[in-house]
Amino acid sequence: MKTVWAKDFDIHTNEDITEKLFGLFDYLKTIDEEKTVIFDKGTYFLDSEKCKKYTLHITNTVGDNEFSKDETPHINAVPFYFGGIDNIIFDGGDSIFVIDGKVTNIAMENCKNITLKNIEIRHAHPDMHELKVVRRGIFSIDFEIDEDTQYEFINGKAYLFGKDYRYAIDNKANSSWWIGLIRKATPNKIKRVNHPLFSALKIKDLGNRKIRVTYPNTSRFNQGDCYYLFDVRRQFAGIFVNKCENVRLENIKQRFNYSLALVAQDSENITVENVEFAPEKGSARKMASVADFIQICMCRGDVSIKNSYFDGAGDDSLNVHGVHFKITNIDENHLTVRFMHPQTHGYNPLRVGDTIAYINSDTLLEEGTAVIEKSILVNEYDIKLTVSNTDNAKVDNVIENTSACPNLEFENNKMTRIITRGLLITTRGRVKVKNNHFVSTTMSGILLSDDAKSWYESGMCKDVTIQGNTFDYCGQTPILIKPENRLYSGAVHKNIKLIGNTFKKYKGYSISAKDTDSITLKDNKFSCKSIKTKNCSNTILR
């Protein structure tokens, strides 16, 4: 094991280290043996303008049609880029890394046996802004802007700005519906609402970080409520893992992300232990991510997420899924399949030797299987396959790569202020969700989905155990089992076990399931109705 000290590359605390990292990473690429990189404990600074840039097609992030004319799609500034570096432990020494500007914090591509640990990442003046209601009048509201936000008035118009962004505070005020709102009366709950400046007639600078906004009506506002403004485009990621094997993230803290906090795609064996995706203590911000905290897409092997804390997501806390590729052409034993959602494309997770299932896009049921013999990414959206047979393939139906359905263990985690769902799970692998605390989700705590018409996120669940979890507050059905099939022709999901869970503060059914076979309920505690089912067979209540 070789030990590499960051300070030997002139990397020192309380300095900008962006360009000095280039030499460190170039050196690491020359070492094939096992190695540990260690940073002296302290605070380091990074600048987006000095970072190297990479083309990254990151699943579930910004689509091609969302880029402006002056932007090159999918270009990411990355301060920590691990490309092809194997057998490494990267130890941040419990240091804080402060990034100024919009970046993908860390990217790993084509790596094996890589551990990142003891790192805290913060952003200087991030594009996440709190407007707190400090006074409510009949026709006006006084907002206080958080201390970390930079703003200015020019010719009577207010602008928010930081490195890599600048826009009017009322930008898209009449069309934004994704804005975060935390009510003073319910500080652990967050929900999506219209822009706080929707229908505003006038904005006035009061000084001392306060603005007065005039409205025709102010009934939707309450003193003490906090609104969160941000760019919803999902243009970057916190940590991006692509085509990697045996990745471990340990004691990682991310205080803000410009998209998803962690994305793993087309990778195998991911371990997440003792991470904290949450605003730093004392921060005015109560949101730590513009979108999901974790996306696991088209991965393999085992995914383990344990002993972690997730606070303030702009979408789900965790989404584990595959991709339903639409069949667009069949020619003998050749298939052309296509990425259908604009936010997921540009990579090829269909490997030679993988087994694919032919899925009816209306029923979501399997109609046949084949083995991939050749796989070519033709362009960002289309993949041409040679397969062992096309006997049950049909144009406009979809395929699922059943070799890319990971097992999932999600244990001893806590989630609060999640703006949509806690967990969205669609994988054939073995799933265990145990001993977690769902403090607050605006939608369901757990959703077992599957669709081939909208997000095209596959696939069916075949072995799911949800045990020992506590659901304090869910804005919608705490456990929702709802495949998005258009036609019922048999059960989509199977073998769902719900054991020893506690359901609190929900007025409807705690569990709702459709088109599912073999649901077992045992030793659960309900403060309301237990389960509602439709087209479900072999449901056992104990």
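## Contacts of Met108

In this predicted model, Met108 touches Phe82, Ile114, Leu116, Ile239, Phe240, Val241, Asn242, Cys244, Val247 and Leu249, leaving aside residues up to four places away in sequence.

## Nonpolar cores

Met108 belongs to the largest nonpolar core, which has 80 residues. Along with Phe39, Phe82, Phe90 and Ile446, Met108 touches the most other members of that core. Another core lies apart from it and has 36 residues, including Val133, Ile169, Val213 and Met287.

## Aromatic rings

The structure holds 27 aromatic pairs. One of them joins Tyr165 and Tyr167: the ring centres are 6.1 Å apart and the planes are at 40° to each other, a tilted arrangement. Tyr165 and Tyr167 are both buried.

One aromatic cluster is formed by Phe25, Phe39, Tyr44, Phe80, Phe82, Phe90 and Phe97. Among these residues, Phe39, Phe82 and Phe90 were named above for their contacts in the largest nonpolar core.

## Charges over rings

Two tyrosine rings are described here with a charged side chain. The charged end of Arg166 sits over the ring of Tyr159, at 4.3 Å from the ring centre. For Lys189, the charged end sits over the ring of Tyr473, and the distance to the ring centre is 3.7 Å.

## Cysteines

The number of disulfides in the structure is 0. Cys226 has a relative accessibility of 10%, so Cys226 counts as buried.

Terms used: Residues numbered from 1 in each chain as written. Predicted model: local features only at pLDDT ≥ 70, side-chain atom pairs only at ≥ 80, totals over all residues. Heavy atoms only, no water. Core = buried A, V, L, I, M, F, W, Y, C linked by side-chain atoms within 4.5 Å. Buried < 20%, exposed > 50% of the residue type's maximum accessible area, 1.4 Å probe, protein only. Contact = heavy atoms within 4.5 Å. Disulfide = S-S within 2.5 Å. Phe/Tyr/Trp six-rings, centres within 6.5 Å; stacked < 30°, edge-to-face > 60°. Lys NZ or Arg CZ within 6 Å of the ring centre and 35° of its normal.
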